[in-house]
Amino acid sequence: MTDYARLQLALEVSAASDYSRPKTYSILVDETPDESRVGDIYEVGTTAQTYVLSHLASNTLLLIANKSATNTVLATVRIQKATKTFAANALGFTAAAPCTITDDDSTFLSALYFAAGDLAVVTNAAEAANSGTFLVQAAVAGTLTLAETVALTLDANDTGTPTIVSRRDITIPIGAGQVVVVGAVTVGSDLTLQAITAACTVEISYLGT
């Protein structure tokens with residue numbers, strides 16, 4: 001049996017306190033998820049804790065509502081920015097710390113939107129050690145400089161067709177009574193929640209497969 005889900009967000013703006021003659025801005029999202037959770041009540045403490053999403057094959061929408069009247073919650077999620085498959089001999093890898101990945105076409109900024117602090121997820125590299133998840137220390141159009149602990153294999157011209165995905169962990173403060181909607185949450189990652197001053201309750205809904 002197919003499930004159907006619809007998210008509708010509406011913003012009303014009026015010059016009158018009774019909201020007469022408002023201007024209305026609305027967003028409507030339709031999905032057909034294989035798995036969904038609506039209104040899951042979750043207790044959040046002052047120590048960071050994990051709300052499991054990693055079992056999902058895809059996660060198209062995540063909604064977090066802070067039910068506290070006074071307390072802020074920090075929500076950390078991993079989002080995917082972009083992905084690109086490179087032609088043979090387009091990428092190069094160095095082995096000396098700090099290791100680098102070079103792109104002959106100089107598309108790390110224009111196509112993958114890399115910035116310092118992002119994660120570069122490399123798959124299908126010709127050398128096994130060059131596939132993995134690497135922390136980016138610095139990014140320019142043709143070069144990613146990686147964390148010094150990364151041990152790559154020297155390969156000036158990767159003969160395969162490797163793929164690189166750019167991802168980033170973002171932390172969102174959700175104030176008392178506020179709601180946050182996040183899309184493009186990375187598959188295989190979880191949601192981390194932490195209350196700032198005292199334990200409180202959040203309500204979590206998600207759509208996925």
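What does the side chain of serine 68 reach at 2.8 Å? It is the backbone nitrogen of asparagine 71. Keep in mind that this is a predicted model.

Let's stay with serine 68. You will find serine 68 in the loop between β5 (59-66) and β6 (73-85). Is serine 68 buried or exposed? Its relative accessibility is 13%, so serine 68 counts as buried, because buried means under 20%. Now look at its contacts, leaving aside neighbours within four places in sequence. Serine 68 touches Ala176, Gly177, Cys200 and Thr201.

Next, strand β11. This strand covers residues 143-146. One face is covered, with Leu144 and Leu146.

Which way does β11 run against β8? The two are antiparallel, joined by 3 bridges. Strand β8 spans residues 100-103. Find threonine 102: opposite it, in β11, stands threonine 143.

Strand β10, residues 132-140, also runs antiparallel to β11. Here there are 4 bridges. A hairpin of 2 residues connects β10 to β11.

Last stop: the surface. Which residues make the nonpolar patch of about 210 Å²? They are Leu9, Val179 and Val181. Leucine 9 sits in strand β1, residues 5-13. With 34% relative accessibility, leucine 9 counts as partly exposed. That label applies because 34% falls between the cut-offs of 20% and 50%.

Conventions. Residues are numbered from 1 along each chain as its sequence is written. This is a predicted model: local features need pLDDT of at least 70, side-chain atom pairs count only at pLDDT 80 or more; totals for chains, interfaces and linings use all residues. Side-chain values use heavy atoms; hydrogens and water are left out. Patches are made of residues with over 30% relative accessible area and no salt bridge: like charges are joined within 9 Å, nonpolar side chains (Val, Leu, Ile, Met, Phe, Trp, Tyr) within 5 Å. Accessible areas come from the Shrake-Rupley method with a 1.4 Å probe; for residues, only the protein chains shown count as cover. A salt bridge is a side-chain nitrogen of Lys or Arg within 4 Å of a carboxyl oxygen of Asp or Glu. Buried means under 20% relative accessible area, exposed over 50%, partly exposed in between (1.4 Å probe, protein chains only). A polar contact is a pair of N or O atoms within 3.5 Å; within protein, one must be able to donate a hydrogen and the other to accept it, and residues adjacent in sequence count only if both atoms are side-chain atoms. Contact means heavy atoms within 4.5 Å. Two strands pair if DSSP finds at least two bridges between them.
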